[in-house]
Structure formats: structure tokens, C-alpha cells
Amino acid sequence: MPPRASKRKSAPPNSSSVTSSDGRSVSNKAKTKGMDKIDRLFNTYANSSLGVIDPEGIEALCSDLGVDYTDVRILMLAWKLKAEKQGYFTQDEWQTGLKALGVDSLTKLKKALPELEKEVEEPSNYEDFYIYAFQYCLTEEKQKSVDIESICELLNLVLGVQFRPQVDSLVEYLKVQNDYKVINADQWINFLRFCKEISFPDLENYDATQAWPLILDNFVEWMREKQS
Amino acid sequence: MSNQKKRNFQIEAFKHRVVVDPKYAEKTWSVLEHAIHEIYNHNASGLSFEELYRNAYNMVLHKFGEKLYSGLVTTMTAHLKEISKSIEAAQGGLFLEELNRKWNDHNKALQMIRDILMYMDRTYIPNAHKTPVHELGLNLWRDNVIHSSKIQSRLLSMLLELVHKERTGEVIDRGLMRNIIKMLMDLGSSVYQEDFEKPFLEVSAEFYMGESQKFIECCDCGDYLKKAEIRLNEEIERVTHYLDVKSEVKITNVVEKEMIASHMMRLVHMENSGLVNMLLDDKYEDLGRMYNLFRRVPNGLSTIRDVMTSHLREIGKQLVTDAEKLKDPVEFVQRLLDEKDKYDNIISQAFCNDKMFQNALNSSFEYFINLNNRSPEFISLFVDDKLRKGLKGVGEEEVEIILDKVMMLFRYLQEKDVFEKYYKQHLAKRLLSGKTVSDEAERSLIVKLKTECGYQFTSKLEGMFTDMKTSQDTMQGFYASHLELTDGPTLVVQVLTTGSWPTQPSITCNLPAEMSALCEKFRSYYLGTHTGRRLSWQTNMGTADIKATFGKGQKHELNVSTYQMCVLMLFNNADRLSYKEIEQATGIPTSDLKRCLQSMACVKGKNVLRKEPMSKDIGEEDALFVNDKFTSKFYKVKIGTVVAQKETEPEKLETRQRVEEDRKPQIEAAIVRIMKSRRVLDHNNIIAEVTKQLQSRFLANPTEIKKRIESLIERDFLERDNNDRKLYRYLA
């Protein structure tokens, strides 16, 4: 993701945490100072022996931010940081992420959250975020699918706001069906497409002969039976 | 009078005087006119051709052609008018005769007149663009005789009346008709058409409309068609005898339309005598007639074909869903073959081997055979029956015929892989029990299957035959190297290669000591020459021959299964054994043990064992004894064969499951093959291509194909296109 220029109008002119879009810092000294602040913030939460922010640290961060551990905004933050491992932020990820957000303190981070939300919701980012959310759950090496329970929670978290009725029905279905015990990436991405393209709850424009994954064919059949 | 000028003497040539006589033309013409009169009055013999010709010649030469011509017209017309009157005067039947006679006279006269006036015909007439004499003669006849008001309609109605008479069975003067018709034809095709043909066709249409209505009310289909055929032939004959040959197709169209096309559906669907009844009763002649008649009308053959197809499908459907008939698979398949034979005969005898009908037959069979999903199994059972006993004593050629017919049914199957599975099972049983009637017949069928389905289909089957042969050689080698064993029990081992034979769970039981020792010796012998292999005894598939002596000294040789042998051998050491003891000693699984004991204790004629209590079923508390009172007419008694039977419900389910499992990799292989060559393909096309590729083995289910695609996506063989969700891309 290309670094975005911060839209903050209230940024103090001599704050060296602002980087312009072409990456030039205001002044070298100011830059190092800004980086220091970011690093110091990092160290506040990091596990000193591991050198990364671990789940405990993240929990602490969350409570400081006044955000629930399971809040979707933390997931968004992870996305912005391009965090690779669920529950952990490395120093690099932290630095790059916070710089991209244009924040170097807790207060600024807190204020940046609503903007981050908007950023994620932009159509060009949303799909990317959505896919990221799935991959973030692949905790084991070579893991390709996520169990149904977690998927249901994830759907709620990620799509719940925008597609409440679809998510509710889908989650209900996933829990009662037993064809699939896990969901893979292909099925995951098609859930989003389904929500975006198919009219709900009438499902009028759904065509099972098209290339929808079988799990959605079965879901639609289940819905139609329920409705009749 | 010559006004001779006085000249110096001149010898004048003797010449005709140049006549500038104004009356010359008049005179000459009257000579000719007179001649024409005489000709028409049959007095031509007194005339001099040369003189008349000369006169006509002179008239033309002296520029009196016009007068000659118009004179001719006038004279001839006058004569024709008189002739007309005399014809009109004729009564009844003599009318046509008179007309005919006068026509002949006119032609003769015309001929003579034309000859006389030939010079005019050749010079004046072309120059003045007048109608030539002969043609003129015909036209005048037409206008003055044929088209005279009194004659025209009378002529037509007489002609039509004669035709009608003939149609109702009377004999008419065909020669006269021919002449009259020919006269009309000579007068010009438009005369023939307007003055005869058109009305003739109209009247005929009415006639046949009425006739067909009458027939259809009182005749059954076969009779009606006979009548229609007769009428059709009659009309064709009529044309050859006295009509213009071009009329044939027109009149036959009329008959076809009125007698066949208008009543086509009613005929075909006629109760008790329609097409379906003809098919059921093999009425070749009637069917052939229908075919020949219907092929003349539009949609005739397709109508027959459609009715035949829906009838066949109906019968076929009844056949394959009739629970009664399905009880005996061999009977069932024989019925199918009989039905096919019946229709093959109908198509060859009555329908001229018409290819479209053959196709309709094939598509109908394909339709209903696949309605019953046990068809593949039943066809295999039929083959099994034939190869076990049905073909005993049958000549080689007949065997080929029967096998070819079976192959025909096989081709109709959609689920050929299910057939393959059953065939393998049944073949295994046949081979292992040595129950095949003809090795050649077996191999012949394998070759046919190979030709039909390719090498892969039959490679495993051929492997089974190879194993049998190899085992024979192995046994020879075994006994050759173990000469000390020739006195003991004879062991025959068939070593089966796991991949080629139908998979069986390998269950062992406890063999009697003599046997197990022998088996061990074999095992070490075999593994000695084939290191790295693993042998597992399939005790549920073997047989044994044992000699037994009963209470009263009666000796018999018993042919039993391996399980049965294990049980019987126990009685060498005990007189009474409880069920539980037997179970423990032999280790045979419960349901097999019960079946085994039942066959030896509860079946009349095979009851080498006695059971207490004497109930029909084997209970776990039962006790068993040797039946000392056992008798049999035969020395060799066969107990319990391993015959291929119709599967039980759970077995059926299992086989089907296995077939479904086997299909998955085949579908995947097809998908990968297709995507590898196409690189990018959309969903619907993939489904279509895969289905086509697998068609020769089974009908692929689109949902199953979709599942396989998703599985391949998960395993990174394929991916979906980012922009167009319906496209798949091959990942190298």
C-alpha cells in the first residue's frame, strides 16, 4: 500500500512526525526525533525479551486506546501495519504503520482511528482489508483454511456493519450445515462478492450455474427452503 | 390478246403469256378452294397434287399470298364450323367417337393442304409473320371445334365422367380416351391444362376426399392403407395409359394429400389398428405399406418416427420400473434384448433400414435403460449367467452374436464405470470358482470391451486372466520342488495381484492344522522366489474337496467352501460342537459362519450336519453334530457355491459409493487436462468440456465437477480470475 499523505490540518508546523507524500522529512533532526517517539511508544508495549509487541502488549494498547480487544478497529490497525502474525506487532511493522498513519503518540493514534476506518471502507481498500482479515487468521504454517467458528466471528466483525442481514443468515447457515468444517480463501472472498452482488433476502439474481462456490449454492438453497 | 409490236423479224420464244388478268387470282383461288372442299369431303383422290401446288405457287409468286392465306382461313373455318355441328349432333357415347373421327380427318386434310401450300408456308408466311399452315389448322380446330360453346363443356364432362366410371370399377374405352387426350395435348399444353387437367385434378380431389372420408369411417388402419395404395397405383396406371406423363406427379399429389396427409394423425393413432398395434403385432406388411405411403407426404415419416419413439420409451420405461420383472436380472436383460431384436426386425423388414428410424430406436433405448440405475449391474449378471452356463454347447458363431448383442446394450449405458465394477466382481468369482463355460468367450468379450472403451478399461481384467495362468505355473513349480508333499492334501493356490482384482477385505480364519502347515510351506516357497511381496490369504473365497465317511459307511466327496471345510474338519476330533465352540475354533465372522452352517445343516440334500434344535435359522445356542444318516444319490456332493448374485441393499450402496469415489480423480484429471491446454476457461465451458470428455465412462454431475474445481483451487492447481469471477486460470 502506498503511503498516504496525512490529511491532518491540525498538525503543528514544526511537528516532525509529518512526512510529505514524497517521503522528504522536514528536517533530519526532526525526523529522528519523531522516530524516537514512535520507538518509545513501541517499547511501552513491547515484550522486552522478544523485542515485539505480544498479545499482552496489544491488550494493553487496546485498553489505553479505549477500544475493545476484539474491536474491528484493531484488525484495521493490524492491516495498516501489515502485521504478519496475529497478536504480534514487530518494530518494523510498528514504525512503518505509524508513520503511514502520521501519528507518533497515543493520543494521536486514538484520534487517527476514525480516519483509519474511513480509509478501510474506501472501495479500493475494502477488498484488500477483507482478504487480509482472513489471512491474519492463518496462524499455523501452511494453514489454508479457517474453522467455521472463527469464520463466523470474523464475518460478524468485518461485514457485520455493512451487511448485517446477510451475515446473520450466513452465520446461522454455517453453524447448522456439516458439509464443510473449514472455509478456504476462495470461499471467503466469494462471501464478500455475494454480499455485494446478490440482492438480499430475495436472492433473485443468484444463478447456481455460475461459478459460485458450492457452499454458497447450498446456502441459497437452504435460504429458499426456509423462505417457502 | 397479244398486242404484238411490229419488229424486225424476230423469232420469239414460245412463252406463256404474262397474264395481268385481274381475275387471275380469283380463278386460281377458286381452284384451290374447290380442292380444299374436296379434301374435306374425302374426294381428294381426284385431285392433281402437281397442279394444285403450282397454282398455289403462282399465287404467292404473283404476290397474292395474302389472298391465298385469308382464303385458306375462311374456307377452313367454314368447314370446321360444319364439322362442329355434326359433332354436336352426336348422341351420348358417340360424341367422343365422332369427335375423334373428325379430328383424324382434319389432320389428314391438314396434311394434304399443308403439302399443297408448302411454298406459301415457306415464303409468304414467314415474311408476313403469319401462323404456319399446320399450326393454323390446329388453332382453327381449337377455336372452332373444341372451344365452341356447345362442345367445350360437353367434352370435359364426358371425359371426367369416363374417368369417374373407371374409378368406380367400370371398363372404359382407353384407346379413345388416349386419342382425345392426345388431341388436347397436340393443341398445346395450355389447352390440355385448361380444358382438361385442371378440372380433372379438382374433380379428383373431391372424389378422393369423399372416398377417404368413407373409408376412414369403416376401415381399420391396415385396410385403409391397402385401399389407399390401390388407388394410388390406379392413378399412376391411368396416367401411363391415357394421360400426359407430366400429370402423374400432380394426380399422385392429389391422392396423397386427400387420402394420406389429411388423415395421417387419425390413421396413426387409430385404436386397435394404428401404428402402435402394428408394432406390437409385428405386422411387417402393413408397416411397410405405411412407410411407403407416408414417405410421400410432408412429415409423414417423422410422424411415424415420433409415435414409434414415444411408444418405445413408454414400453421401455415400464419394463425397467416393473418390480416384478426386476426380480430376475437375467430375464430382465433378455427382455431388453428381445425388444431390441423385435425393433431391429421391424426397421429392416418394414422401414427399409431407414437410418433415422435406427437413430430413434437407439435414442429410446438409451433413454430408458438409464432410467434404472441397476441396469449396469443387471447386464453384468446376464453376461455372468451366460458365461457360466447359458452358452454351454452353443456354437462359436452364435456365441459371438449373443456377445455382440450384449455389447449393443452396453453402449447405451451412461454409467459404464459402474458396469466395469460389477463385471470385475463377477469375473473374479467366475475365474476363482473355475465356473466359466468357455475361456474363448470370456476373452472375446474382453476384446469387444477393449475396442469399445479403450485399453484402460480392460487392462485390469486382462491382468486377472494373467494371474490365473501364472498361478498354474507357480503351483507346478511348487509341487515339483516339494515332492514329499504329493501324498498329502493337494493345495491349489491362486495368487491374485491386488490392483487387478476387486478389493476385498482380507479376513483370515483358522485353518485346520494340515492345511495351515501346507499353506505356510507355499508361502515360504513363493516369497523365496518373489522377495518383497506380501501374501494375504483370502479364506472367504476358496473351495475345498473333502472325502467323508458317514455313520452307515456311506462315502461321499464333498465340494465345499473353505469356511465350510474348516467347520467340518473340526468334527474329526469331536462328535458334538456348540455354535460358540465352532466360532472360536475357526474364527469365521458371524454372518458368514451362520450362512455356512445353514447351508450344511438346513438344506435338504446337503445336510451333512445335524442341528439341535431343528429350527431353520442358526441360533448362537445351537449345537451341531455330524449327520450320520446323510444320504445322497451322488457320490460327489456340492454344497454351497459362490455364485454371483444380485446385490443386497447395503452391498449396493457400498458399490455405488466406491464408484463415486473412483469418479472423483477421473473428474479432476479431466479438469486439469482441459485447463492445461486452454489456460483460461469460463465456468460453463469447463463443465461442458469435462462432461464431454467423461461421457464414454459415465455422466458427470455438474455439482460434483464444481466440487472438484474448488478442491483444485484449494490445492493451487487453479485460480479464479480477479476481475471476472466466472473465469478459471491454470496455475502451472
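UniProt, in an unreviewed entry, lists residues 374-601 of chain B as "domain: Cullin family profile". The model is predicted.

**Chain B: overall form**
- Chain B has a radius of gyration of 49 Å, whereas a compact globule of 732 residues would have one near 27 Å.
- The C-alpha trace of chain B spans about 170 × 70 × 55 Å along its principal axes.
- The secondary structure of chain B comprises 30 helices and 9 strands.
- In chain B, 70% of the contacts with a separation of 6 or more are accounted for by residues 24 or more positions apart.

- Chain B has 732 residues, and 45% of them count as buried.
- Its accessible surface is about 39,100 Å², with 51% belonging to carbon and sulfur atoms.

**Helix H25 of chain B**
- Helix H25 covers residues 562-570 of chain B and is mostly covered, with 8 of its 9 residues buried.
- The buried residues of H25(B) are Thr562(B), Tyr563(B), Gln564(B), Met565(B), Cys566(B), Val567(B), Leu568(B) and Met569(B).
- Helices of chain B that cover these buried residues include H24 (513-529), H26 (579-586) and H27 (590-601).
- Strands of chain B also contribute to the cover of H25(B), including S1 (543-549), S2 (555-561) and S4 (609-612).

**Lys421(B)**
- Lys421(B) is placed in helix H21 of chain B, which runs over residues 416-433.
- Lys421(B) counts as buried because its relative accessibility is 18%, and the cut-off for buried is under 20%.
- Leaving aside residues up to four places away in sequence, Lys421(B) touches Thr655(B), Arg658(B), Val659(B) and Asp662(B).

**His683(B)**
- His683(B) lies in helix H29 of chain B, which comprises residues 683-694.
- With a relative accessibility of 4%, His683(B) counts as buried.
- The residues touched by His683(B) include Thr209(A), Gln210(A) and Ala211(A) in chain A.
- Within chain B, the residues touched by His683(B) include Lys706(B), Lys726(B) and Tyr728(B), with residues up to four places away in sequence not counted.
- His683(B) and Leu727(B) are 44 residues apart in sequence, and their C-alpha atoms are 6.2 Å apart in space.

**Chain A**
- Chain A has 10 helices and 2 strands.
- From the N terminus on, the order of elements in chain A is α-α-α-α-α-α-β-α-α-β-α-α.
- Of the 228 residues in chain A, 47% count as buried.
- Among contacts in chain A between residues at least 6 apart in sequence, residues at least 24 apart make up 64%.
- The accessible surface of chain A is about 12,400 Å², and 50% of this area belongs to carbon and sulfur atoms.

Key: Residues are numbered from 1 along each chain as its sequence is written. Chains are lettered from A and ligands numbered from 1 in the order in which they are written. This is a predicted model: local features need pLDDT of at least 70, side-chain atom pairs count only at pLDDT 80 or more; totals for chains, interfaces and linings use all residues. Side-chain values use heavy atoms; hydrogens and water are left out. Helices (H or I, at least four residues) and strands (E, at least two) are DSSP runs, numbered from the N terminus. The radius of gyration is taken over C-alpha atoms; the globule rule is 2.2 Å times the number of residues to the power 0.38. Buried means under 20% relative accessible area, exposed over 50%, partly exposed in between (1.4 Å probe, protein chains only). Contact means heavy atoms within 4.5 Å. Accessible areas come from the Shrake-Rupley method with a 1.4 Å probe; for residues, only the protein chains shown count as cover. UniProt positions are given in the numbering used here, feature names are shortened, and annotations may be inferred rather than shown by experiment.
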